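Hi,

Here is the structure we talked about, ready for you to open. Have a look at it first, and then read on for what turned up.

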Amino acid sequence: MNFSVLQFPGSNCDQDCVHVLKNVLGHNARLLWHKDTSLGDTDAVIVPGGFSYGDYLRTGAIARYSNIMAAVKQFADRGGLVLGICNGFQILCEAGLLPGALIRNKGITFRCEFVWLRTGNPDTPFTCKAPEGTLLRIPIAHGEGCYFADAETLKQMEANGQILWRYCDRHGNTTPESNPNGSLLNIAGICNAQKNVAGLMPHPERASEEILSGHDGRILLESMVQFLENRKRS
Amino acid sequence: MKAKITVTPKKAVLDPQGKTVQTALEHIGFTGIKDVRIGKYIEIELEGTDREAALKSISQASHKILSNPVIEDYSVEIE
């Protein structure tokens with residue numbers, strides 16, 4: 001598969017994503033600069049983590065107006081797969097490709113640790129290799145990961161199976177204690193109504209090799225690959 | 001002309017900064033504080049003299065980029 005990983009001034013997980021996609025999973029992955037206007041031959045886009053534009057104004061607020069994001073929006077509108085990780089999730093929310101917004105962590109502090117996630121709807125390109133309830137251990141590293149959306153939006157998202165990952169304890173219970181940032185409904189990651197654009201605060205690319213204390217993140221990336229392979233075959 | 005834009009978190013949105021500052025204010029002896037909300041203040045120097053056009057344009061900018069309508073409210077003043 002051909003993955004495109006975006007690069008903004010201040011991105012810092014871009015190389016990690018390329019490394020995992022290329023060297024661990026064996027796919028093509030290339031970096032696209034924010035000034036580029038076309039995605040070229042791309043099966044999926046990764047919007048990586050970091051601090052694009054220094055998080056000035058709001059996280060993701062400036063990156064979302066970059067040239068490449070216009071191409072990403074077109075790609076997503078045509079059904080292309082887009083995954084935003086951490087700052088990438090914030091950018092996709094700012095761009096309106098995903099509902100809601102990410103705000104300052106409830107406890108004010110920057111949280112950098114492994115968390116447990118419970119997979120929701122398994123019927124999406126990002127979760128198809130994880131049966132409902134699958135627990136994933138993946139690290140987070142953010143100061144502004146508290147997910148917010150108004151009550152009506154949350155209701156629609158729940159009804160439509162758009163809440164893909166929730167923070168939980170090691171037994172899968174979504175408790176207040178297991179919620180590192182105060183996200184509503186313990187939300188760690190979501191997708192759009194069409195299920196082709198997803199975002200999450202945890203970093204799957206940092207949990208894709210045993211040497212980095214686990215490979216649960218691969219399940220997410222391999223789900224995307226499986227979905228793309230099935231789509232190409234049909 | 002100058003545009004003064006105030007951006008504040010919506011009422012329904014958690015404002016942990018505001019809560020922390022409220023606790024600090026109470027800690028150092030300020031009483032009677034019901035709530036603290038922390039937002040942003042932006043000043044933009046403008047060319048021209050058409051206040052109505054400036055208000056329209058800066059309001060658009062506030063909606064499009066200076067604030068995020070999902071979580072924030074804004075007000076614009078032209079002087």
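**Where the chains meet**

The contact takes 15 residues from chain A and ten residues from chain B, where two residues are in contact if their C-beta atoms, placed from the backbone, lie within 7 Å. On the side of chain A that touches chain B, β5 (101-103) and β8 (146-148) of chain A are the elements that give two or more residues. Helices (H or I, at least four residues) and strands (E, at least two) are DSSP runs, numbered from the N terminus. That side of chain A divides into seven nonpolar, three polar and five charged residues; Ala, Val, Leu, Ile, Met, Phe, Trp, Tyr, Cys and Pro count as nonpolar, Asp, Glu, Lys and Arg as charged, and the others, Gly among them, as polar.

Before you go further: this is a predicted model, in which local features need pLDDT of at least 70, side-chain atom pairs count only at pLDDT 80 or more, and totals for chains, interfaces and linings use all residues. Residues are numbered from 1 along each chain as its sequence is written, while chains are lettered from A and ligands numbered from 1 in the order in which they are written.

**The sheet**

Chain A has an open sheet of nine strands with mixed pairing, in the order β2-β1-β3-β4-β11-β10-β9-β6-β7; strands pair if DSSP finds at least two bridges between them. β2 (28-33) and β7 of chain A are at the edges with a single partner strand each, so one side of each has no neighbour in the sheet. From one strand to the next, the twist averages 25° (axes are lines fitted to C-alpha atoms, for helices over the stretch in contact, and angles run from 0 to 180 degrees between N-to-C directions).

Strands β6 (residues 111-119) and β7 (residues 135-142) of chain A are antiparallel over eight bridges, with Arg111(A) partnered by His142(A). β6(A) also pairs with β9 (residues 163-168) of chain A, antiparallel over four bridges; here Thr119(A) has Trp165(A) as its bridge partner. By contrast, β3 (residues 44-47) and β4 (residues 81-85) of chain A run parallel, joined by four bridges, and Val45(A) stands opposite Val82(A). Helix α3 (residues 87-94) of chain A lies across β3, β4 and β11 (197-200) of chain A, at about 120° to β4(A).

**One residue to look at**

Which residues does Ile46(A) touch, not counting those up to four places away in sequence? They are Phe3(A), Val5(A), Cys17(A), Leu83(A), Ile85(A) and Gly88(A).

Cheers
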